[in-house]
Amino acid sequence: MTDILIDGLRFGEGPRWHDGRSGFDMHDRKVLAVNETGCVETIVTLADDEPSGLGWLPDGRLLIVSMRKRQLLCFTTGTVRFRRHFRSGPVIISNDMVTDKQGRSYIGNFGFDLHTGASASPAEIVMVGPDGSASIVADELSFPNGTVITPDGRTLIVGESVAGRLTAFDVADDGSLHNRRLWAAMDGAIPDGICLDDAGGIWVASPTSREALRILEGGEVTDRIKVKHQAYACMLGGSDGRTLFILTSAHSNPDKCALERTAAVETARVSHAGAGLP
């Protein structure tokens, strides 16, 4: 069972735990933060695009993926500043990301226009370095979505939503990705947002099966938390790191989300604290 922390939202995505609050973004073009008691603050509103993945540079500045403009934005002193245009190949809509301790951001994309019924096509992960350089570090992915980096910084794991699997890479010293391999195949569920715990498990938000599930390398599912609507993202946080924040909604279509505002942040207590990044 879950508790409703806040509801009546348009659509929540990309939650992070940072400075004692869960930060997340919305179809409302806002980046919000909510504390453990449900107090919500608007951090920034984008004038003309939707925010997606969130991360922080080593100096504490907030990074925001601008989805349709395919830009990485930097929020500082109350202002959003252009940081890097990272368009590559046939990118349609940019998506989630993880930023490592060196300030390198790994950004996925849809690969096709999800909301117009277009056929799925391969996508890539683009790495934007702290100097603003951008390069493709993985390609031929099936909708790379939620992404985590292990505590030692040596392994990156990404959820491929269309393929229904978690895929791992070794992270080289220069940030490039190598040794692609299957981390876990998912049966009857698809990975959207994901987060890592300190026992090596990954919590996965699965919209189609309306749950958050904890999976181990190799595919064993240890826990399932059912939600009323669809689960789109999750993040471990709270004072002891063992509160799972689950972002849910009846829809992901922007028009339906605007009309119905069924999105919520739900919480559940779990056995293991969050670890790694984000």
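Strands are DSSP runs of E with at least two residues and helices are DSSP runs of H or I with at least four, both numbered from the N terminus. The structure is a predicted model, in which local features need pLDDT of at least 70, side-chain atom pairs count only at pLDDT 80 or more, and totals for chains, interfaces and linings use all residues. Residues are numbered from 1 along each chain as its sequence is written, and side-chain values use heavy atoms, with hydrogens and water left out.

**View 1**
Most residues other than glycine have a negative phi, and most peptide bonds are trans. Glu-140, found in strand 13, has a positive phi of about 55° although it is not a glycine. Its relative accessible area is 54%, so Glu-140 is exposed (buried means under 20% relative accessible area, exposed over 50%, and partly exposed in between, with a 1.4 Å probe and protein chains only). Asp-19 lies in the loop between strand 2 and strand 3 (21–26), and its phi is near 55°, a positive value in a residue other than glycine. Asp-19 counts as exposed because its relative accessibility is 67%.

**View 1. The cis peptide bond at Pro-278.**
Leu-277 and Pro-278 are joined by a cis peptide bond, with omega at about 5°. Pro-278 is placed in the segment after strand 24 (263–269).

Strand 6 (residues 51–56) has five buried residues out of six, so it is largely enclosed by the rest of the structure. Strand 6 pairs with strand 7 (residues 62–66) in the antiparallel sense over four bridges; two strands pair if DSSP finds at least two bridges between them. Within this pairing, Pro-51 stands opposite Ser-66 in strand 7.

Glu-50 is placed in the loop between strand 5 (40–45) and strand 6. Glu-50 is buried yet has no salt bridge, and the nearest side chain of opposite charge, Arg-68, is 4.4 Å away. A salt bridge is a side-chain nitrogen of Lys or Arg within 4 Å of a carboxyl oxygen of Asp or Glu; Lys and Arg count as positive and Asp and Glu as negative, while His and the chain ends are not counted. Not counting residues up to four places away in sequence, Glu-50 touches His-27, Arg-29, Val-65, Ser-66, Met-67 and Arg-68, where contact means heavy atoms within 4.5 Å.

**View 2. The aromatic pairs.**
A search of the whole structure finds two aromatic pairs. Rings of Phe, Tyr and Trp (its six-membered ring) pair if their centres lie within 6.5 Å; planes under 30 degrees apart count as stacked, over 60 as edge-to-face and the rest as tilted. Phe-11 and Tyr-232 form an edge-to-face pair, 4.9 Å centre to centre with 65° between the planes. This pair links distant parts of the chain, 221 residues apart: Phe-11 is in the loop between strand 1 (3–9) and strand 2 (12–18), and Tyr-232 is in strand 22 (residues 230–237). Both Phe-11 and Tyr-232 are buried. The rings of Trp-17 and Phe-245 are stacked, because their centres are 5.4 Å apart and their planes stand at 20°. Trp-17 lies in strand 2 and Phe-245 in strand 23 (residues 243–249), so the pair ties together parts that are 228 residues apart in sequence. Trp-17 counts as partly exposed at 23% relative accessibility, whereas Phe-245 counts as buried at 1%.

Four strands form an open sheet in the order 14-15-16-17, with antiparallel pairing. Strand 14 (144–149) and strand 17 (177–185) stand at the edges, each with a single partner strand, so one side of each is left without a neighbour in the sheet. Strand 14 pairs with strand 15 (residues 155–160) over four bridges in the antiparallel sense, and the bridge partner of Ile-149 in strand 15 is Leu-156.

**View 3. The pairing of strands 20 and 21.**
A further open sheet has four strands in the order 18-19-20-21, and its pairing is antiparallel. Strand 20 (residues 211–215) and strand 21 run antiparallel and are joined by five bridges. Arg-214 has Asp-223 as its bridge partner in strand 21.
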